[in-house]
Amino acid sequence: MRRLPLSAHDGRINPLMMEMTMQGFWKTWMTVWCWGVILFGAVLAAGGLPGTDGAVTFLYSLLGNLSVDALQLGAPGMRFSIALMGAVTIGWGLTILFLLPAIHAAGASAWRGLTAALVIWYVIDGALSAATGFALNIVPNTALAIAYFVPVMASGVLRPAGR
């Protein structure tokens, strides 16, 4: 817990103004979660090249229930799109990883903002996955979201000071 003073002019601690912070195991969990996102992005980025597209080929064929031939990874724009999604995913993971100290310092409002962003991503990604025939993509998305929510809920970081 982070202790906030009663006022800027008073050094006493008000127990009603204590705000939860993520520490220890849960903080490590979030760091590992970020590295998992980054690793997945690297897998996608590697799918942009013919010599390193094995994992993406497997993933797409599994999630879309497609044969390897039906994937058409060589189609114009397809490799670019996969590589670009990888770069964006790496950037997303690195951004959260590098901002974790600031998010921890900012407290509940920053955690609520990050959580809202994750929920918005989840809804949009899930809807588009289902609409494009890759509904099974919702399963790993759900696992990723749960892996995010476990430390967030367990640590209490969404609760504002005084609650």
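1. Ser129 is found in helix α5. Helices here are DSSP runs of H or I with at least four residues, strands are runs of E with at least two, and both are numbered from the N terminus. At 6% relative accessibility, Ser129 counts as buried. Buried means under 20% relative accessible area, exposed means over 50%, and partly exposed lies in between (1.4 Å probe, protein chains only). Leaving out residues up to four places away in sequence, Ser129 touches Phe134, Ala135, Asn137 and Ile138. Contact means heavy atoms within 4.5 Å.

2. A word on the source. This is a predicted model, in which local features need pLDDT of at least 70 and side-chain atom pairs count only at pLDDT 80 or more, while totals for chains, interfaces and linings use all residues. Residues are numbered from 1 along each chain as its sequence is written, and side-chain values use heavy atoms, with hydrogens and water left out.

3. Now the overall plan. The protein has six helices and two strands. From the N terminus on, the order is β-β-α-α-α-α-α-α. Of the 163 residues in the protein, 31% are buried. Take the contacts with a separation of 6 or more: 67% of them join residues 24 or more positions apart.

4. How are α4 and α5 arranged? Helix α4 covers residues 78-106, and helix α5 covers residues 108-131. They pack at an angle of about 150 degrees, with axes 8 Å apart. That makes α4 roughly antiparallel to α5. The axes are lines fitted to C-alpha atoms, for helices over the stretch in contact, and angles run from 0 to 180 degrees between N-to-C directions. Angles under 35 degrees count as roughly parallel, over 145 as roughly antiparallel, 65 to 115 as roughly perpendicular and the rest as oblique.

5. Next, the residues in that contact. From α4 come Trp92, Ile96, Leu100, Ile103, His104 and Ala106. From α5 come Ala108, Ser109, Ala110, Trp111, Leu114, Leu118 and Trp121. By class, the contact of α4 with α5 has 11 nonpolar, two polar and no charged residues. Ala, Val, Leu, Ile, Met, Phe, Trp, Tyr, Cys and Pro count as nonpolar, Asp, Glu, Lys and Arg as charged, and the others, Gly among them, as polar.

6. Compare the pair α1 and α2. They pack at an angle of about 100 degrees, with their axes 7 Å apart. That makes α1 roughly perpendicular to α2. Phe40, Val43 and Leu44 in α1 meet Ala55, Val56, Leu59 and Tyr60 in α2. This contact of α1 with α2 has seven nonpolar, no polar and no charged residues.

7. Stay with α2, residues 54-64. Its buried residues are Val56, Thr57, Leu59, Ser61, Leu63 and Gly64. They pack against α1 (24-46), α3 (68-71), α4 and α6 (138-155). After α2 comes Asn65, with a positive phi near 50 degrees.

8. Which residues line the largest cavity? They are Trp33, Trp92, Ile96, Leu114, Ala117, Leu118 and Tyr148. By class, the lining has seven nonpolar, no polar and no charged residues. Its largest share, three residues, comes from α5. The volume of the largest cavity is about 30 Å³, and the structure holds one cavity of 30 Å³ or more. On a 1 Å grid over the protein atoms alone, a cavity is a set of points where a 1.4 Å probe fits but cannot get out, and a pocket is an open set with protein on both sides within 12 Å along at least five of seven lines; lining residues have an atom within 4 Å of a point. Points are joined across faces, edges and corners, and a volume is the space filled by probe spheres set on the points.

9. The largest pocket holds about 900 Å³ of space. It is lined by 26 residues, and the closest to its centre are Phe40, Leu44, Met85, Asp125 and Asn137. The elements that give two or more residues to this lining are α1, α2, α4, α5 and α6. Helix α4 gives the most, with seven residues. The lining divides into 18 nonpolar, seven polar and one charged.

10. Last, a glycine in a loop. Gly77 lies between α3 and α4. Gly77 is partly exposed, with a relative accessible area of 39%. Gly77 and Gly48 are 29 residues apart in sequence and 9.8 Å apart in space, C-alpha to C-alpha.
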